[in-house]
Amino acid sequence: MKSFREWKRGHIAEKKGALEELRLAIDYYKGNGLPQSYEQAIAWAKKALEHGETRAKPFLEEMERFYAAVKGDADVAYRIALDYFYGSKNLRKDYEQAQKFAELALKNGHKSAGLLLEDIEIELLEEEDDF
């Protein structure tokens, strides 16, 4: 069940239109003032796209990828971990996020995720040494 705050934000987004729907999708993705939810982020991004906000398309594609990883797709989780490890067009280099998705990939049976986790650990230790 949605809280009053969630209901109100959704109501405002529907009245203001596609850009506000995309902003709401991003807030759900990040958990900005709302519970973090890939499902809600995807739903609001779809609404924004349907209402003509073309910037919602790449965001929606990323959210669907993240959702697949969280729901157990080991290959997708591994590719997201690699994107965070090396940095990609859509994701900046972030070893902690890389670790999170590599652990998810390993948990769901990806064979190479353990090796990636070792590389991530090395990078995290080197970052600590830099401080």
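**Salt bridges, helices and a charged patch**

Me: Happy to start with a single side chain: is Glu53 buried or exposed?
Reply: This is a predicted model, so its values are computed from predicted coordinates. The cut-off for a buried residue is under 20% relative accessible area. Glu53 has 9% relative accessibility, and it therefore counts as buried.

Me: Which residue meets the side chain of Glu53 in a salt bridge?
Reply: Side chains of opposite charge can pair when their charged atoms come close. For Glu53 the N to O distance in the salt bridge is 2.7 Å.

Me: Good, and how many salt bridges does the structure hold?
Reply: To count, a side-chain nitrogen of Lys or Arg must be within 4 Å of a carboxyl oxygen of Asp or Glu. For the structure, the number of salt bridges comes to 8.

Me: What is the N to O distance in the salt bridge of Asp94 and Arg92?
Reply: Let's look at the two ends of this pair. Asp94 counts as buried because its relative accessibility is 18%, whereas Arg92 is exposed, with a relative accessible area of 62%. Their side chains meet in a salt bridge with an N to O distance of 3.6 Å.

Me: Which residue meets Arg65 in a salt bridge, at 2.8 Å from N to O?
Reply: Arg65 is partly exposed, with a relative accessible area of 22%. The side chain that meets Arg65 at 2.8 Å belongs to Asp83.

Me: How many residues apart in sequence are the parts that Arg65 and Asp83 tie together?
Reply: The side chains of these two residues form a salt bridge of 2.8 Å, N to O. Arg65 lies in helix H4 (residues 56–70) and Asp83 in helix H5 (residues 74–86), so the parts tied together by this pair have a separation in sequence of 18 residues.

Me: Which residue joins its side chain to Gln99 through a polar contact of 2.5 Å?
Reply: Gln99 sits in helix H6 (residues 95–107). With 16% relative accessibility, Gln99 counts as buried. The side chain at the other end of the 2.5 Å polar contact is that of Glu121.

Me: Now to the surface: which helix gives the largest share of the negative patch?
Reply: The patch of negative charge gathers Glu96, Glu126, Glu127, Glu128, Asp129 and Asp130. One of these, Glu128, counts as exposed because its relative accessibility is 54%. Five residues, the largest share of the patch, come from residues 113–130, that is, from helix H7.

Me: Stepping back, how many helices does the protein chain have?
Reply: Read along the sequence, the chain follows the pattern α-α-α-α-α-α-α. The number of strands is 0, and the number of helices is 7.

Me: What share of the residues of the protein chain count as buried?
Reply: Along its principal axes, the C-alpha trace spans about 50 × 35 × 30 Å. The protein chain has 131 residues, and the share of them that count as buried is 40%.

Me: What distance separates the C-alpha atoms of Arg79 and Lys8?
Reply: Arg79 lies in helix H5 and counts as partly exposed, at 44% relative accessibility. Arg79 and Lys8 are 71 residues apart along the chain, and their C-alpha atoms are separated by 36 Å.

Definitions and conventions. Residues are numbered from 1 along each chain as its sequence is written. This is a predicted model: local features need pLDDT of at least 70, side-chain atom pairs count only at pLDDT 80 or more; totals for chains, interfaces and linings use all residues. Side-chain values use heavy atoms; hydrogens and water are left out. Patches are made of residues with over 30% relative accessible area and no salt bridge: like charges are joined within 9 Å, nonpolar side chains (Val, Leu, Ile, Met, Phe, Trp, Tyr) within 5 Å. Accessible areas come from the Shrake-Rupley method with a 1.4 Å probe; for residues, only the protein chains shown count as cover. Lys and Arg count as positive and Asp and Glu as negative; His and the chain ends are not counted. The place of a charge is taken as NZ of Lys, CZ of Arg, CG of Asp or CD of Glu. Helices (H or I, at least four residues) and strands (E, at least two) are DSSP runs, numbered from the N terminus. Buried means under 20% relative accessible area, exposed over 50%, partly exposed in between (1.4 Å probe, protein chains only). A polar contact is a pair of N or O atoms within 3.5 Å; within protein, one must be able to donate a hydrogen and the other to accept it, and residues adjacent in sequence count only if both atoms are side-chain atoms.
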